[in-house]
Amino acid sequence: MTETSMPLPEDENLSLVLAIYGLFIASLLGFAPAALVGVIMAHVALGASGPVAATHYRFQIRTFWIGLAAWIVAAIAIFWGSLLSIILIGIPFLILATVSVGLIWLWAVIRSAAGLVWAAQGARCPRPDTLTF
């Protein structure tokens, strides 16, 4: 049996999806607890969501957890780079970790903005289970 593409339901409400993207973007602009609220909302709403919203919730959940893991690794590298910079060996680690924090932030901004655009258009998230956009 072949799988046919189903039309997107027109009555699916994506307002919560848009609100969660807004929370993610707010967290990236300085209000960090907003991301935690957003990921909790996405986890709760995933079970009762329609097919379009479910792709966005999976995308949001993965964005949060992958971003958090990357931030933790970068924070550990900054910590050790700072300690080891006393004997000068940590300076390259410190530089690399600082640059990686900026790249992680940029990745999260682009990913959240792309998801926001897709949700505003009422479209599915094309690749919710990848690291890309």
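Ile 25 lies in helix H1, where helices are DSSP runs of H or I with at least four residues, numbered from the N terminus. The model is predicted, so that local features require pLDDT of at least 70 and side-chain atom pairs pLDDT 80 or more, whereas totals for chains, interfaces and linings use all residues. Residues are numbered from 1 along each chain as its sequence is written, and side-chain values rest on heavy atoms, with hydrogens and water left out.

Buried positions in H1 are Val 17, Ile 20, Tyr 21, Phe 24, Ser 27 and Leu 28. Viewed down the axis, the buried residues of H1 fall within an arc of 120° and therefore line one face of the helix, the arc being that of the directions from the helix axis to the C-beta atoms. These residues pack against helices H2 (33-46), H3 (51-84) and H4 (91-120). Just after H1, Gly 30 adopts a positive phi of about 130°.

Ile 25 counts as partly exposed because its relative accessibility is 26%; buried denotes under 20% relative accessible area, exposed over 50%, and partly exposed in between (1.4 Å probe, protein chains only). Leaving aside residues up to four places away in sequence, Ile 25 touches Ser 112 and Leu 116, contact meaning heavy atoms within 4.5 Å.

Thr 55, in helix H3, is buried at 8% relative accessibility.

Terms used:
Helix = DSSP H or I, 4+ residues; strand = E, 2+ residues; numbered from the N terminus.
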